[in-house]
Amino acid sequence: MPSRPKKTRRALSVTSLIDVIFLLLLFFMLSSTFTKFTEVELMTSGQGENIAPNERTVLFLRIDGADMSLNGKTVAPDTLATALKTADDNPPSVLISLTADTSAQQLTDALVVLRALPHLSLTVLDPA
């Protein structure tokens, strides 16, 4: 029998493998989002400041979907902080009423504005 010529092994080229890895890395980097999620601090009812209830001005904020009203008057979300400033120097206590049309994002947007105000007491009323 004639002997077969021995096959020599060629060196394995990894160039195409590096190209594939680079393309995958590029795809995942471009498709990822790097947004920072913010947190809204919520306090339980036992952690408020020791200010007597008669020293607080009580305000009623109703959030009905995209509409907001403060003490029955329509207010825009961007003017909410200025509308909450009371005539007297008493820190306000805000009661927040939600409707079924209110989304979690709308409540969060309102809470972000409200938490920026100092000495504010917030109470979210149960919609049921």
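Which residues of H3 are buried? I found Leu107, Ala110, Leu111 and Leu114, taking buried as under 20% relative accessible area with a 1.4 Å probe, protein chains only.

I noted that this is a predicted model, where local features need pLDDT of at least 70, side-chain atom pairs count only at pLDDT 80 or more, and totals for chains, interfaces and linings use all residues. Residues are numbered from 1 along each chain as its sequence is written, and side-chain values use heavy atoms, with hydrogens and water left out.

I then looked up their partners, with contact meaning heavy atoms within 4.5 Å: they pack against strands E1 (57–64), E2 (67–70), E4 (92–98) and E5 (121–124), and against helix H2 (80–83).

For the layout, I recorded 3 helices and 5 strands in the order α-β-β-β-α-β-α-β, where helices (H or I, at least four residues) and strands (E, at least two) are DSSP runs numbered from the N terminus.

Of the 128 residues, 21% count as buried. Among contacts between residues at least 6 apart in sequence, 73% join residues at least 24 apart.

Finally I checked Isoleucine 63, which, leaving aside residues up to four places away in sequence, touches Met68, Ile96, Ser97, Leu98, Thr99, Thr102, Leu107 and Ala110.

Terms used. Buried means under 20% relative accessible area, exposed over 50%, partly exposed in between (1.4 Å probe, protein chains only).
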